[in-house]
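Biologist: Please go through some of the labels used for this model, and say what each one rests on.

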Amino acid sequence: MTKKIAILSGDGIGPEIIEQALRVLGALGLDLEMNTAPVGGAAYDLHGHPLPPETLKLAQESDAILFGAVGDWKYDQLARELRPEQAILGLRKALGLFANLRPAILYPQLANASSLKPEIVAGLDILIVRELTGDIYFGQPRGERVVAEGPFKGERQGFDTMHYAESEIRRIAHVAFQAAAKRQGRLCSVDKANVLETSQFWRDIVIDVAREYPDIELSHMYVDNAAMQLVRAPKAFDVIVTGNLFGDILSDEAAMLTGSIGMLPSASLNASNQGLYEPSHGSAPDIAGKDVANPLATILSAAMLLRYSLNLPEQAQRIEAAVQNVLEQGLRTADIHEEGTRRVGTAEMGDAVLRALS
Ligand code: IPM
Ligand code: MG
């Protein structure tokens with residue numbers, strides 16, 4: 001059966017990295033129907049909204065979404081609801097993409113790319129499972145108000161609300177335990193239970209879900225300590241599960257351990273494995289259109305798309321092997337370039353992956 005993929009390239013380097021991923025997908029000879037739609041700042045420019053109704057409809061009707069990146073400084077002055085970032089938040093919420101999988105893998109060929117000593121990061125392979133549709137990101141009420149009492153009475157105040165419902169915690173915990181079962185069998189739940197009620201509740205529920213996974217070794221860590229352990233001894237982690245806000249921060253930290261955020265894909269899944277796939281890096285408007293961006297994170301995101309939403313693990317592996325192959329050949333985009341390797345542009349990197357595929 002034909003599978004439908006929505007292609008949302010977005011802003012900055014989005015279009016050029018998506019172009020390379022599409023060439024790679026196209027070379028596999030699969031029965032895919034691709035439809036493109038504007039998103040982010042590009043959609044705001046065309047339709048006055050970062051997530052126009054037609055784009056959302058296309059996404060909802062697709063089996064998977066391949067997403068580039070959104071954002072540009074030129075939209076920073078817009079009202080919050082019109083900023084490019086609202087497109088990605090809106091898609092997550094509307095499609096119920098609650099499970100965000102962010103692998104942080106240090107490819108052996110890129111061992112020197114990390115700012116940490118090679119012995120600390122060599123062989124690093126962490127999976128961060130971030131809850132993506134709850135927490136303080138979406139909690140209501142939020143906004144600005146006047147303080148009613150206390151030392152700041154009469155002053156204006158900005159506020160947000162952190163909360164997690166039991167079912168929200170249960171479903172992300174199940175995703176994390178099942179992911180750990182396919183890996184080294186170790187899961188670390190990260191929270192701030194020493195201070196936050198939401199976190200204490202999170203921890204209680206994760207402990208309860210753990211009873212269904214007796215073979216998984218569960219540990220708990222406060223988020224401040226986790227941030228420290230990630231740079232001190234990152235290889236001690238296998239799978240990390242955490243809420244939306246902590247996951248946002250820790251996944252950037254974990255990505256940077258590999259020194260090559262341009263290499264890292266991500267998947268955001270809902271309960272029916274419909275998913276949005278995007279590189280972990282941003283839109284990098286400063287290098288847009290210059291043919292220097294690294295397309296590999298997006299190409300690897302396409303591989304994740306095949307694995308998780310289309311259930312085509314062999315095709316996913318073909319792509320991943322091709323990426324390994326071009327790294328072994330010594331080809332590097334500017335972000336991962338080092339002495340003794342050959343620097344190539346975005347399109348040339350795409351060419352090389354295509355050659356390695358065939
Ligand atoms: C991410 C990004 C988003 C987030 C922004 C763009 C809204 O930082 O995907 O990690 O905070 O979730
Ligand atoms: Mg982030």
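Biologist: What makes α3 and α4 a contact, and which residues meet there?

Modeller: Leu56, Ala59 and Gln60 in α3 meet Leu91, Ala94 and Leu95 in α4; contact means heavy atoms within 4.5 Å. The residues of this contact divide into five nonpolar, one polar and no charged. Ala, Val, Leu, Ile, Met, Phe, Trp, Tyr, Cys and Pro count as nonpolar, Asp, Glu, Lys and Arg as charged, and the others, Gly among them, as polar. This is a predicted model: local features need pLDDT of at least 70, side-chain atom pairs count only at pLDDT 80 or more, and totals for chains, interfaces and linings use all residues. Residues are numbered from 1 along each chain as its sequence is written, and side-chain values use heavy atoms, with hydrogens and water left out.

Biologist: Why is α3 called oblique to α4?

Modeller: Helix α3 (residues 53-60) and helix α4 (residues 85-95) pack at an angle of about 45 degrees, with their axes 11 Å apart. Therefore α3 is oblique to α4: angles under 35 degrees count as roughly parallel, over 145 as roughly antiparallel, 65 to 115 as roughly perpendicular and the rest as oblique. The crossing is right-handed.

Biologist: Which residues of α3 are buried, and what puts them on the same side of the helix?

Modeller: Thr55, Leu58 and Ala59 are buried in α3, where buried means under 20% relative accessible area, exposed over 50% and partly exposed in between (1.4 Å probe, protein chains only). They cover an arc of only 100 degrees around the axis, so they lie on the same side of α3. The arc is that of the directions from the helix axis to the C-beta atoms. The face turned away from this buried side carries the exposed residues Pro53 and Glu54. The cover over the buried residues of α3 includes β1 (3-10), β2 (32-36), β3 (64-69) and α4.

Biologist: Why does Val209 count as buried?

Modeller: Val209, in helix α7 (residues 197-210), has 0% relative accessibility, and therefore counts as buried. Leaving aside neighbours within four places in sequence, Val209 is in contact with Arg170, Ala173, His174 and Phe177. The C-alpha atoms of Val209 and Ala173 are separated by 6.9 Å, with the two residues 36 apart along the chain.

Biologist: What makes α11 oblique to α12?

Modeller: Helix α11 (residues 313-328) and helix α12 (residues 346-357) pack at an angle of about 120 degrees, their axes 8 Å apart. That angle makes α11 oblique to α12. The crossing of α11 and α12 is right-handed.

Definitions and conventions. Chains are lettered from A and ligands numbered from 1 in the order in which they are written. Axes are lines fitted to C-alpha atoms, for helices over the stretch in contact, and angles run from 0 to 180 degrees between N-to-C directions. Helices (H or I, at least four residues) and strands (E, at least two) are DSSP runs, numbered from the N terminus. A crossing is left-handed if the near helix is turned anticlockwise from the far one by less than a right angle, and right-handed if clockwise.
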